[in-house]
Amino acid sequence: MDPVIRFNHVGFHYGGPWALRDVEFTVGEGELVGVLGANGSGKTTLLKIADGLLVPQKGEVFLKGRPLSIYSRAELAREVAMVPQETHFHFAFSVLEVVLMGRFPYLGRFQFEGRRDMEVAREALAATHSTELAERSIYELSGGEKQRVLIARALAQEPSLILLDEPTSFLDLKFKKEIFDLISSLVHSRSLSGLVVSHDIELAAAYCDKLVMLKHGRIASMGSPEDIVTSQNIEDVYGCPVVVDENPLTGAPRVSVV
Ligand code: ADP
């Protein structure tokens, strides 16, 4: 079976130096892959390429076996949904309205949402434990609630692949865990695939099936969290000395800055 997404020797630049070089990996169905790396290592660029917002100058991306470049915008939005790093709304939309925005790839121009769209939106709210927020204004939500709603909006696209750009960066520890719990259970229970950029190495290691570490746009290491989260790899990529041992309760890698 084809992987949901395949990066095939992908290279990308913004007109200057290469932001991504020879990037090659796959995300399979029901797999959650974490992307780690220092600032400027190419993580967001990688997500934008997967979302069709940027087109690589080298190599190719395949979505379910077909070149991503031949998908129309609407077709792509029915397969890939992005939860961006920062989302600002310029109007006090209700949570339900925000989630319904995820239905755009299914609606014609000037077409209003129908019963099925409402059902999908309600289901996405339920799946993200956000049903009770439906009538609230998006402005009134806490960081963790807003992140759940943005994940619900992505789910309303009924995608095969969900992309998340640092979904936990503005959250405190409890909500970071809650969001990773949610992403992991959604991906694993729905045969969805997930590609998540994160600076939370331990959480990514605890929840992801596979990790990809980027350094200066290249894959520095890739594999299971146990194999990838080593003091050597982390020092190499982040330039910071750390000690890695095992979390005594979960067995997941534990990272301490020296
Ligand atoms: P990360 O998400 O890991 O912080 P990015 O993908 O944002 O990294 O950036 C990778 C490289 O591309 C960096 O060197 C950055 O300066 C450069 N870059 C990112 N966005 C742009 C842009 N719009 N124009 C020019 N260079 C960019």
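Analyst: What follows describes the sheet, strand by strand, and then the helices on it. This is a predicted model, in which local features need pLDDT of at least 70 and side-chain atom pairs count only at pLDDT 80 or more, while totals for chains, interfaces and linings use all residues. Residues are numbered from 1 along each chain as its sequence is written, and side-chain values use heavy atoms, with hydrogens and water left out.

Six strands form an open sheet in the order β6-β7-β8-β3-β9-β10, and their pairing is mixed. Strands (E, at least two residues) and helices (H or I, at least four) are DSSP runs, numbered from the N terminus. Two strands pair if DSSP finds at least two bridges between them. At the edges lie β6 (80–83) and β10 (218–223), each pairing on one side only. On average, neighbouring strands are turned by 20° against each other, direction ignored; axes are lines fitted to C-alpha atoms, for helices over the stretch in contact, and angles run from 0 to 180 degrees between N-to-C directions.

Within the sheet, β3 (residues 32–37) and β9 (residues 210–215) run parallel and are joined by five bridges. Valine 35 stands opposite valine 212 in β9.

Helix α1 (residues 43–50) touches β3, β6, β7 (161–165), β8 (193–197) and β9, where contact means heavy atoms within 4.5 Å. The direction of α1 makes about 155° with that of β7. Helix α9 (residues 231–238) packs on the sheet too, touching β3, β9 and β10. The direction of α9 makes about 40° with that of β9.
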